[in-house]
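I wanted to go through this model slowly and note what I looked up, entry by entry.

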Amino acid sequence: MQHEDNPITEYVRRVNEETRRFAYELLTENERLRTRLPVLQRERDDARAEVTRLRQEVERHRRERSDPQEALPGTGVESSAFESRYAELEQQNFSLMNLYVASYRLHGTLRQDEVIATIREIITNLIGSEELGIFMRSRNSSRLRLVASMGIDAAAYDSVPLGSGIIGSVARSGRPFVAEEGRGEAGDHERTLTACYPLKVGKTVTGAIAIFRLLEQKPALEPIDRELFTLLSTQAAMALYCTELHGRLEASAGMTA
Amino acid sequence: MRPRRILLVDDAETILLFERMVLGRGCYELLTAHDGVEALDLARREKPDLILLDVMMPRMDGLQTLQELRKPGPTASIPVIMVTTRGEEKSVSEAFTSGCTDYIVKPINGVELLAKVRNYVGR
């Protein structure tokens, strides 16, 4: 009996071939898996890192929701700075309103008594003093004449020679006096003088405004007060000058009528 | 809803103009009076939501006006802020005793005025 024809042998041969083929496939698959393993390990590590990152992100958002201040540490400081700046601008705005109101009122009339009343209102209500004197100087005159006052002895200031005391010196020099900047040579009644500003039309001194004690609730002059004084120094002088001209025009119109 | 109505009372046109400029920035209807008699008439007729009241005025001063406003009637509960040069403790006390709601001393600080008005009538 020949081996080739033996069915058992044929069977064994076939099984052997299949086993060999199967083993080859297994080895091939094993090799494939072996090379695939590091890739999968890398992907697993990346996924783990991403999960950790996402967990941290979630935690951060959770904290932000509960405490925005911690999430935006600079916001409080920035907001506070904006608030301060806004308050500063608003105060500047109100100071400008003061100046506008004063100017509007001064030039709203051609009657001298109304201009003088306005000057008193500005000093009392916008600057804060109820002791004041308003002086005017006639052309070529060497004296100041008191035309309005409030809270002072009018008789003591009725007529002030140019160069006499602080008020007279201000009228002669054209330079203002403010008490905290150093006292000038005070006259008998000028001890409580807070400020004296000349009234000037161009370079010509036409009078003066003297402010004595400030209101009790006002400890000192503020920067806006000096701006108001500067405005009064020119605008009030111009307004009074215009009322004088208007008065003369009316008088001459009345004479020729 | 109508805008909040504020009655400004002062004999000084300068102050009335300043108050109008400060409060004109808000949504308020502004009325003005130059003395206590005019103020009482306007207050009873227009029933403002707030009154800014000067003290030193001709015909009827602020304290007398305040006492009249506080009598039983349509003006009794209107908030009144006294606006005055009188900053001494005695004057402040007298104003509150007469029935004012708040107090502002002159020279007026625009920031303070606006804050107090908003406190009573909103923006």
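Which order do the six strands of the open sheet in chain A have? I kept in mind that I was reading a predicted model, and I found the order β3-β2-β1-β6-β5-β4 in chain A, with antiparallel pairing. I then looked for the edges, and they are β3 (159-161) and β4 (177-178) of chain A, each of which pairs on one side only.

**Entry on one strand pair.** I followed strand β5 (residues 195-201) of chain A along strand β6 (residues 204-211) of chain A, and noted that the two run antiparallel and are joined by seven bridges. Within this pairing I looked up A:Leu199, which stands opposite A:Gly207 in β6(A).

**Entry on the helices over the sheet.** I looked up helix α4 (residues 112-127) of chain A, which lies across β1 (132-136), β2 (143-150) and β6 of chain A and runs at about 145 degrees to β1(A).

**Entry on aromatic rings.** I searched the whole structure and noted five aromatic pairs over all chains. One of them joins A:Phe135 and A:Tyr157, whose ring centres are 6.5 Å apart with 70 degrees between the planes, an edge-to-face arrangement. A:Phe135 lies in strand β1 of chain A and A:Tyr157 in the loop between β2 and β3 of chain A, so this pair ties together parts that are 22 residues apart in sequence. I found both A:Phe135 and A:Tyr157 buried.

I turned next to A:Tyr197 and A:Phe229, whose ring centres are 4.7 Å apart and whose planes stand at 15 degrees, so I recorded the pair as stacked. Because A:Tyr197 lies in strand β5 of chain A and A:Phe229 in helix α6 (residues 223-256) of chain A, the pair ties together parts that are 32 residues apart in sequence. A:Tyr197 is buried at a relative accessible area of 9%, and A:Phe229 counts as buried at 1%.

I also noted that A:Phe135, A:Tyr157 and A:Phe212 form one aromatic cluster.

**Entry on the two chains.** How many residues of chain B are in contact with chain A? I noted 23 residues of chain B in contact with 23 residues of chain A. Between them the two chains bury about 1900 Å², with 63% of it on carbon and sulfur atoms. My search for salt bridges between chain B and chain A gave a count of one, and I traced a salt bridge from B:Arg86 to A:Glu130, where the closest N and O atoms are 2.7 Å apart.

Terms used. Residues numbered from 1 in each chain as written. Chains lettered and ligands numbered in written order. Predicted model: local features only at pLDDT ≥ 70, side-chain atom pairs only at ≥ 80, totals over all residues. Heavy atoms only, no water. Pairing = 2+ DSSP bridges. Helix = DSSP H or I, 4+ residues; strand = E, 2+ residues; numbered from the N terminus. Contact = heavy atoms within 4.5 Å. Axes fitted to C-alpha atoms, helices over the stretch in contact; angles between N-to-C directions. Phe/Tyr/Trp six-rings, centres within 6.5 Å; stacked < 30°, edge-to-face > 60°. Buried < 20%, exposed > 50% of the residue type's maximum accessible area, 1.4 Å probe, protein only. Buried area = accessible area lost by both parts, 1.4 Å probe. Salt bridge = Lys/Arg side-chain N within 4 Å of Asp/Glu carboxyl O.
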